[in-house]
Each structure stands twice: as C-alpha cells, then as structure tokens.
Amino acid sequence: MSDNRWKTAFEPYRAKTIEPLGESTEIEREELLRQCDYNLFRIPAEKVIIDLLTDSGTSALSAEQRAGLERGDESYAGSRSWLHLESTVRDITDMREIIPVHQGRAAEHLLFSELGDEGKRIVSNGLFDSTRANILAAGAEPWEIPILEGLIFERNDPFKGNIDTLSLEAELKQNGDNVPLVVMTITNNSLGGHPVSIRNLRDASEICRHYKTPFFLDACRYAENAFLIQQREPGAGGRPVEDIAREAFQLADGCWISAKKDGLSSTGGVLALRDQDLAQRLREHLIVVEGYPTHGGLAGRDLECIALGLRESLDESYLKHRIGQIEAFAKGLRDIGVPIIEPPGGHAVFIDASAMFPDLSIDLHPAATLACEIFRTGGIRGVAISAPVPRRRPGQADVSRMELVRFAIPRRAYTQNHLDFIIEVLEDILRRASAVPGLRRLDSNEHVNHFGARLEPAG
Ligand SMILES: Cc1ncc(COP(=O)(O)O)c(C=O)c1O
C-alpha cells in the first residue's frame, strides 16, 4: 500500500483477469422493469452495468485462491482441503467444533431448528433477513434491541451496530429461560452495516455468561468489524486486526460465518462452536440436509478457496483500501446532498429513500421506487430494503418501516471510477426527485419480502 505521504489511496492489487460489464440502454431497462414487475432480483445480470445488489459471493478471487481451486482435494471424507479449512477456522475463532455448510443461512437453519422453538425468543442487536426468517420458521420470535442511536440515520456515532445492553440484561433477567441464545451480528447489515464495538461485545458476552445464555456471533463480516474497531474505538488503534477479530470470537460460545462475505469466496460457510454435544446434534442434521461433516455439500475446491479467503480478508492493507473506498463513495453522495445512513459501515452505503422522496408515502414504497429509478437511469442495481423498524421504544422516531436502498460493494471488484459514475446518476435523480412516481405493491410475502415482490407504477 502507498505510504502516508500520498493522498491517493489506490487498490493494493492489480487486475489479472477481467470481466466486461453488462450492457443496456435506458429504453431497454424501462421495458425490462415492466416485464420484471419492478423487482430488480428478476433483471438478467447481463443487463446490469454496475451490480451492487450484494457483496455476497461477488468478490474477485486472488491468484492464490484460483491456485487453491486447482489444488482442492475432492475426497469425500477427510480431504486435505477440509483439514485446511478446519484448522484455519479453529485458528481464527479459537473454537474447536467446525461444521461446513453451503452458505450462511444453512447454518442458521441448522442452529435454529435445534435451539429455536415455539415460545422462544432470539435476542439480537439486529438480524439479517434470512436469520429472521429461519427464526420464524423454527417457531421462535426475533427480538431485536439495537441501541437507539443506531436507528437515527443522521447520527454519526462510531458503533451504531451495538446492542442495547440495558435492554439485554432486562430481557435475560425477566425472560432468560425462554432465550436459547443471543445473536450479535457483526457488522450489523440490516441496520446500516454498522460495526459493533469490542466494548459492547465484552459487555454483552458478560451479561450472557451471568445469565448462562449462549452468546453467538453472526460473523460473516468479522474482518471488516475488527478493522472498524481498530480505526474507531479508543484504545484499539495500532492493535492488529487479527487480534481484535480473535478476541471477538473468544467472547462467544459459537458463531456462523457466511464465507460469501469476508470469506472472499463465491459460496460456502461454517458454523463454529465450543459445545461438543450441540455440534454432534447439528452434524447429524447436517448429514441429512447438507452433506457429510467434512464437506457439508461443498466441493473440495470451495473448501480450499474459503480457507484462503478467510485469512486474506484479515490483511490490513486490503481492509484499509476497502473501507476507504466505501468512505469515499459515501462522501461523494453526501457532498451532492443524497441522504445516507451515517457513518458508512464496512460493506455498503445505505440511502434513506424516505428522505430522498419526502412526498412518497410508505405504501408507495420509496425504497423500491428509488432502486428502480437508479436502475432505469444508469443501469445500476442496488437493493431496496423495506423492513420493520426493530422494536420501538420511547424516544425513537415515529416511523414503522425503514425504507432504504443499499449499495453493497463487492470486494476487490469495482474501482472508484465505477462509484463516481453512480454519484453522477444520483445527482441526476436528485434534481427531479419530486417528479418520480411511486410504486404500488401487487403481492406480499412477509418472510423474505424483497425476493418475491411484484410492483407497478402508481397512478
Ligand atoms: C449478516 C448476515 N447474516 C447472514 C447472511 C446469510 O448468508 P448467506 O447469504 O450466505 O446465506 C447474510 C447474507 O447477506 C448476512 O448479511
């Protein structure tokens, strides 16, 4: 990486393989939107010019990972690639029981079908859609208690992903028997991708230990969370990111990691635990739904690629560039007056669509409207997030839904010029925001709403 003398922060890698961007004209995209019921998940990727739908499974692989794909050992049981992944996850997490899965939500399904149940409550700082859906599918109740500051978009607090420890303690005191586990999502994707401080992790872990409640991490962005701790938390500056990440894992009884994020891989995930009995029960279920416990349904080449990716994502020059790229993108949007969630987190920039379209009521879906307008105008795909605001408490803004557009940034894939183009497109939309018509929903699927949505222009 460049030394501190220069202000240009360039990518700490160079391209060796390239892939052309998708192509489409504005007229084509207008027609596509109609055909696809204004649901961007249904748009063919080849028509998308810059695809920021997700940072999941969209990373560019390193030369080392590509070599790893070749080296992958496809033996059914006990393959060399499995042993490599197992020892890597043990080293990073300091947990012994490692279970491979095909992606993060498979880990959630295994865990919540074992621990969730009718009448149980899963307490969290914030749950990703698939986590919430798996909790509900198991019959349990998601109970999100982020800090209040985390819900005020324009506040610039450094750790808006934190859990409200007073509410956590009160909940475990009153209702502890019905809480089979507490989940800390690092970083807190659904609420803006904000990091959780090491202080908050320590406090929450101690409360859980006191009430004998298992403490789990949804750790798919463990490296980005650790880097943001290093950058933002008093006392953590200068501490190696790897060290910070290990401490976070040491505070937990278990975790799952979707390898599609900080694992820098196209697929896969792992569950890591300390409890041997629980691990044994999960492995029995794993064999039925995913695969043998030394592959979990993944190819040996994937296991190898994940083992390498989980370590590469802890590289500090890579993290410095990644987080710096997101900050520069956020600054560009902020400077032209786009209302974003502050401060930007580790993997995405979120636009407050309700603030961008103040005249659109919630039933005209400001988030979907904005996401479609961005695609129509510039061929850029973000994702509309329209989610209930976690449990309302006194002092909290009186809105029932968050209406956001998330631009998730794939790792090592796009350059600053791509992001500058998006800023230009947003500037164009801002100028004519009051003339953009809203969208009306034609259907409803309450569990995983954005995948199946069907909409049409209102009026
Ligand atoms: C915080 C969080 N948890 C869990 C998941 C689910 O992981 P996967 O997509 O691998 O199933 C995601 C995916 O984006 C996520 O962001």
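How many helices and strands does the secondary structure of the protein come to? It comes to 16 helices and 14 strands, counted as DSSP runs (helices H or I, at least four residues; strands E, at least two) and numbered from the N terminus. This is a predicted model, where local features need pLDDT of at least 70, side-chain atom pairs count only at pLDDT 80 or more, and totals for chains, interfaces and linings use all residues. Residues are numbered from 1 along each chain as its sequence is written, and side-chain values use heavy atoms, with hydrogens and water left out.

**View 1. The largest nonpolar core.** It has 55 residues; such a core is a set of buried Ala, Val, Leu, Ile, Met, Phe, Trp, Tyr and Cys residues joined through side-chain atoms within 4.5 Å. Buried here means under 20% relative accessible area (1.4 Å probe, protein chains only). Helix α8 (residues 222-232) gives the most, with 6 residues.

**View 2. Around Tyr222.** Beyond its neighbours within four places in sequence, Tyr222 is in contact with residues including Ile92, Phe249, Asp262 and Leu314, where contact means heavy atoms within 4.5 Å.

**View 3. Helix α7 (residues 198-210).** Its buried residues include Ile198, Leu201, Ala204 and Cys208. Among the elements covering the buried residues of α7 are α6 (165-175), β6 (215-218) and α9 (241-250). After α7 comes Lys212, with a positive phi near 55 degrees.

Terms used:
Buried < 20%, exposed > 50% of the residue type's maximum accessible area, 1.4 Å probe, protein only.
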